[in-house]
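Hi everyone, thanks for making time for this. Let me put the structure up, and then I'll walk you through a few things I'd like you to look at.

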Amino acid sequence: MALDAELNLGFALVTASRQTLALPHVRTVVEGFERAYGIDHPKTLAARFLRSRMLGEIGRFEEAAAEAERVAAARARVLGADHPWTRLSLERLGEWQRARDAQVSDDAE
């Protein structure tokens with residue numbers, strides 16, 4: 001129950017655009033859910049999806065894309081390729097990949 005509350009706090013902070021404050025809370029939740037439920041449990045995947053979002057929103061696109069890719073693969077495996085959460089994960093993955101590629105392109109100029 002404490003992990004659920006901490007996830008809710010993390011989500012509230014993200015919604016309030018306080019990603020850097022939320023990151024430690026969500027990291028704790030991801031680690032706790034992985035221990036309690038395993039890496040493919042829906043709660044774990046939801047927390048990891050939120051972590052990907054936060055990383056992307058603070059400009060850490062490489063990490064965001066890597067996390068989004070793991071979440072999308074797990075959701076496809078667990079829920080199927082056509083599930084709305086899988087499709088959402090793939091959309092977010094594409095978003096972070098495009099942002100990462102644009103960042104790399106900007107850095108090269």
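**A walk around helix α4**

Let's begin with helix α4, residues 61-79: its 19 residues reach 25 Å from the first C-alpha to the last, close to the 27 Å expected at 1.5 Å a residue. Please keep in mind that we're looking at a predicted model.

So which residues of α4 are buried? They are F61, A64, A65, E67, A68, V71, A72, A74 and R75. You'll notice that E67 and R75 are in that list. As a reminder, an α-helix has 3.6 residues a turn, so residues three or four places apart point the same way. As for partners, the buried residues of α4 pack against α3 (42-57) and α5 (84-108).

Now, the core. The largest nonpolar core has 19 residues, and the ones touching the most other members are L7, A47, M54 and W96. Two or more residues each come from α1 (2-15), α2 (19-37), α3, α4 and α5. Which element gives the largest share? That's α2, with 6 residues.

If you zoom in on L7, you'll find it touching V29, F33, A47 and L50, leaving aside residues up to four places away in sequence.

One last stop, in helix α5: A99.

Key. Residues numbered from 1 in each chain as written. Predicted model: local features only at pLDDT ≥ 70, side-chain atom pairs only at ≥ 80, totals over all residues. Heavy atoms only, no water. Helix = DSSP H or I, 4+ residues; strand = E, 2+ residues; numbered from the N terminus. Expected span 1.5 Å × (residues − 1). Buried < 20%, exposed > 50% of the residue type's maximum accessible area, 1.4 Å probe, protein only. Contact = heavy atoms within 4.5 Å. Core = buried A, V, L, I, M, F, W, Y, C linked by side-chain atoms within 4.5 Å.
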